[in-house]
Structures are given as C-alpha cells and as structure tokens.
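Hi everyone, thanks for coming. Have a look at what's on the screen, and I'll walk you through what I found.

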Amino acid sequence: QSEEIYTYEFSTTAATMVFFKTSEGILSDAVLRQALIQGADQNEIIKRLGGVLKPVKSPFLAGQIGYDKAYEQAAFNPASAATQLEQAGWIRGKDGKRSKNGQSLQFQIVAEETPDNQIVLKELQESWKGLGITMIPVLQTTTDFQSAVETHSYTALLYGISIGADPDVYAYWSSTQADVRSSNRLNFSEYKSALADTALEGGRTRQDPLVRALKYKPFLKAW
C-alpha cells in the first residue's frame, strides 16, 4: 500500500506587529520610534521563527489594495538608528546604555506567553541592546494579556491582527478607535492624525480599487 503526502501553502491576511503607544510616555517621540524600527532586524526574527513568513512593512500587506512600496517603513539600518538617537539627545553612558535628561531609555513590551512571542521579544531585545536601548519583555497569561489589550495597559504591545483579503484598517488606525469611550479600542497604538482619519474614511467608502488606493496614500504617508 502506497501513501502520498501533499503539502499546500497559502497566504494569510494577518499580521503580527509591535504597537508603540504614541499617546503618552517615552514612545510618544516619533524619532525614537523610527530609530527602534531601523534597529529591529525583521529578517533575523523570521529566520529564528523557522516558518514561511513575510516581513510586514506597511499597514497593508504586499499586493493588497492601497499597498504602496514607496511608503514602506524604514529598512533595518542600525547605523542610521544610532545617528537618530544621538540627534534626538539619547546619549550613551559609560555602561553603554542611553539616557536623556536623566531619563533612561527603557520600556516594556507586553505579549501573550507563547513560544513564538518569546523568540520575537528576545531578538528585539538583543537588537536594541546593541543600540543602548533596554527593552523589558513582559509575557503574560492569556487572561492577563487580554485584560491588558482591552484596557491598553502597556507601553508597547506585541499582537497579531486580522487585516482581511479586502483590507480595511480603519479600526486599527483611526483616531475614533483610540478614544477611551470606545467599546472596542482596536487602535492599539492610540495613533491620532486628522490627515490619516480623512484618508481612511475616504478609502473605505469608495468601490473603485484605483480610487481607494489614491485615497489611502495620505494615510500611508502620515503612518
């Protein structure tokens, strides 16, 4: 009796991201956030995870309506990240760690306790440590993590979101979804931009793919 094994591969429409809280605290500094992005080696993280994964560099996934390579986030470039940190006033001390006006450059990332999340946080921690940044991983049980997500009790959040085959990321980036009065606060970064709001609203209310893509450009540029 012979047996045959077939392997099928398919692309999902989900993304795992680190959401930096932009509304308060140390990560409200856009220059610091940009330096953190340039200091994170996505390809190395994917290699460590050992799966068939693709880097996410935009609110939209590659190939989706609205995706534009011109507005991808900055690539891995630790030298550029270090320069940005210096220019923003984050100076290395004798111990190699950075500080600014007496404030240490350190923050936590909250995540659910899973093997993959442990790998991701360890790799980020090591990458940023080389730049003089202290990142403290906080791995929580499912119950505690869900509570943190619902109440936005974090400085940064490692979390997976569903974007969908026909992308509508309004819930994740609109200012209305960051309001404490909202019953479902899916804007985990608490990102607020009037320009982005207008673009997101315009994109989701159009049917023509070309028009939608055009409407989304100001959002991508702001993001």
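Let's begin with aromatic rings: the structure holds 10 aromatic pairs. Keep in mind that this is a predicted model. Take Phe19 and Phe188: their ring centres sit 5.4 Å apart and their planes make an angle of 65°, so we call this pair edge-to-face. Where do Phe19 and Phe188 lie? Phe19 lies in strand E1, while Phe188 is in the loop between H6 and H7, so this pair ties together parts that are 169 residues apart in sequence. Both of these residues are buried. And if you follow the ring pairs along, they link up a cluster: Phe19, Phe145, Tyr159, Tyr172, Trp173, Phe188, Tyr191 and Trp223.

As a bit of background, in soluble globular proteins nonpolar side chains tend to be buried together. Here the largest nonpolar core has 26 residues, and the ones with the most contacts inside it are Leu157, Ile161, Val169, Trp173, Phe188 and Phe219.

Skipping its neighbours within four places in sequence, Phe219 is in contact with Pro59, Phe60, Val169, Trp173, Ala196, Ala199 and Leu200. There's also a second, separate core of 25 residues, and among them are Ala40, Ala81, Trp128 and Met135.

Ala196, Ala199, Leu200, Gly202 and Gly203 of H7 are buried. If you look down the axis of H7, its buried residues fall within an arc of 165°, so they line one face of the helix. On the other side of H7, you'll find Ala194 and Thr198 exposed. And what covers the buried residues? H6 and H8 are included in that cover.

Next up, charges. How many salt bridges turn up in a search of the whole structure? The search finds 9. Let me show you a few, starting with Arg48. Arg48 makes a salt bridge with Glu44, with the closest N and O atoms 2.9 Å apart. These two are 4 residues apart in helix H2, so about one helical turn separates them. For anyone new to helices: an α-helix has 3.6 residues a turn, so residues three or four places apart point the same way.

But Arg48 has another partner: it forms a salt bridge with Glu123 too, and there the closest N and O atoms are 3.5 Å apart. Arg48 lies in helix H2 and Glu123 in helix H4, so this pair ties together parts that are 75 residues apart in sequence. Is Glu123 buried or exposed? Glu123 is buried, because its relative accessible area is 16% and the cut-off for buried is under 20%.

Another salt bridge joins the side chains of Asp166 and Arg212, at 2.7 Å from N to O. This pair links distant parts of the chain, 46 residues apart: Asp166 is in the loop between strand E7 and helix H6, and Arg212 is in helix H8. Arg212 counts as buried, at 8% relative accessibility.

Gln38 counts as buried at 9% relative accessibility. Not counting residues up to four places away in sequence, Gln38 touches Ala74, Ala75, Phe76, Asn77, Pro78, Ser80, Ala81 and Gln84.

A quick stop at the backbone. His152, in the loop between H5 and E7, has a phi near 60°, a positive value in a residue other than glycine. His152 counts as buried, at 3% relative accessibility. Glu190 has a positive phi too, near 55°, and its place is in the loop between H6 and H7. Glu190 is buried, with a relative accessible area of 11%.

E3 and E4 pair over 2 bridges, and Ser99 has Ser104 in E4 as its bridge partner.

Methods. Residues are numbered from 1 along each chain as its sequence is written. This is a predicted model: local features need pLDDT of at least 70, side-chain atom pairs count only at pLDDT 80 or more; totals for chains, interfaces and linings use all residues. Side-chain values use heavy atoms; hydrogens and water are left out. Two strands pair if DSSP finds at least two bridges between them. A salt bridge is a side-chain nitrogen of Lys or Arg within 4 Å of a carboxyl oxygen of Asp or Glu. Buried means under 20% relative accessible area, exposed over 50%, partly exposed in between (1.4 Å probe, protein chains only). A nonpolar core is a set of buried Ala, Val, Leu, Ile, Met, Phe, Trp, Tyr and Cys residues joined through side-chain atoms within 4.5 Å. Contact means heavy atoms within 4.5 Å. The arc is that of the directions from the helix axis to the C-beta atoms. Rings of Phe, Tyr and Trp (its six-membered ring) pair if their centres lie within 6.5 Å; planes under 30 degrees apart count as stacked, over 60 as edge-to-face and the rest as tilted.
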